[in-house]
Amino acid sequence: MPKILYAEDNEDNIYLICMRFDLLGAYQLLVAEDGESAIAVARAERPDLILMDLGLPVVDGWEATRRLKTDPATRAIPIIALSAHALAGAREKALAAGCDEFDTKPVEFDRLLAKIEHILRERR
């Protein structure tokens, strides 16, 4: 069962995403509520994919991504950036920070799931 780390600080978003993944029953979901915790969980658990909110507390998602992508132990883990700011250039900035993909919030679950499945298929 693929392991996904969801780095998110909003309790409502965590609840909704966890509920959707629980209903699927096809993924193990780990949650980190700030960037520092996300880095620690990624290093300890080696998830198959990370969903990274860019506006995290303590260490923001931008910096957490940079740190994960420069660490030989975690650099190969694909990261999908999640942002409520769908401004022009946000996707490019996320990709430049090291993210492998970008999606907007509020999350359209079916679209996000398609991106997750595509990335995981490519990794096999």
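This report walks through the sheet, the helices packed on it, the salt bridges and a surface patch.

## Ground rules

We're looking at a predicted model, where local features need pLDDT of at least 70 and side-chain atom pairs count only at pLDDT 80 or more, while totals for chains, interfaces and linings use all residues. Numbering starts from 1 along each chain as its sequence is written, and side-chain values use heavy atoms, with hydrogens and water left out.

## The sheet

Five strands form an open sheet in the order E2-E1-E3-E4-E5, with parallel pairing. The edges belong to E2 (28-32) and E5 (101-104); each has a single partner strand, so one side of each lacks a neighbour in the sheet. On average, neighbouring strands are turned by 20° against each other, direction ignored. Strands (E, at least two residues) and helices (H or I, at least four) are DSSP runs numbered from the N terminus, and two strands pair if DSSP finds at least two bridges between them.

Further in, E1 (residues 3-7) and E3 (residues 49-53) pair over four bridges, with Ile-4 partnered by Leu-49 of E3. Four bridges also join E3 to E4, and here Leu-51 has Ile-80 as its partner. E4 has five of its five residues buried, so it is largely enclosed by the rest of the structure. Ile-79, Ala-81 and Ser-83 are on one side, Ile-80 and Leu-82 on the other. Buried means under 20% relative accessible area, exposed over 50%, and partly exposed in between (1.4 Å probe, protein chains only).

## Helices across the strands

Helix H2 (residues 35-45) lies across E1, E2 and E3, at about 170° to E1. Helix H5 (residues 109-123) lies across E1, E3, E4 and E5, at about 170° to E5. Angles run from 0 to 180 degrees between N-to-C directions, with axes fitted to C-alpha atoms, for helices over the stretch in contact; contact means heavy atoms within 4.5 Å.

## Salt bridges

The count comes to 14 salt bridges, taking a side-chain nitrogen of Lys or Arg within 4 Å of a carboxyl oxygen of Asp or Glu. Glu-101, buried at 17% relative accessibility, bridges to Arg-91 at 3.0 Å and to Lys-115 at 3.9 Å. Shared partners join Arg-91, Glu-101, Asp-103, Glu-108, Arg-111 and Lys-115 into one network.

## A nonpolar patch

Tyr-15, Leu-16, Met-19 and Leu-23 make a nonpolar surface patch of about 440 Å². Patch residues have over 30% relative accessible area and no salt bridge; like charges are joined within 9 Å, nonpolar side chains (Val, Leu, Ile, Met, Phe, Trp, Tyr) within 5 Å. Areas come from the Shrake-Rupley method with a 1.4 Å probe; for residues, only the protein chains shown count as cover.
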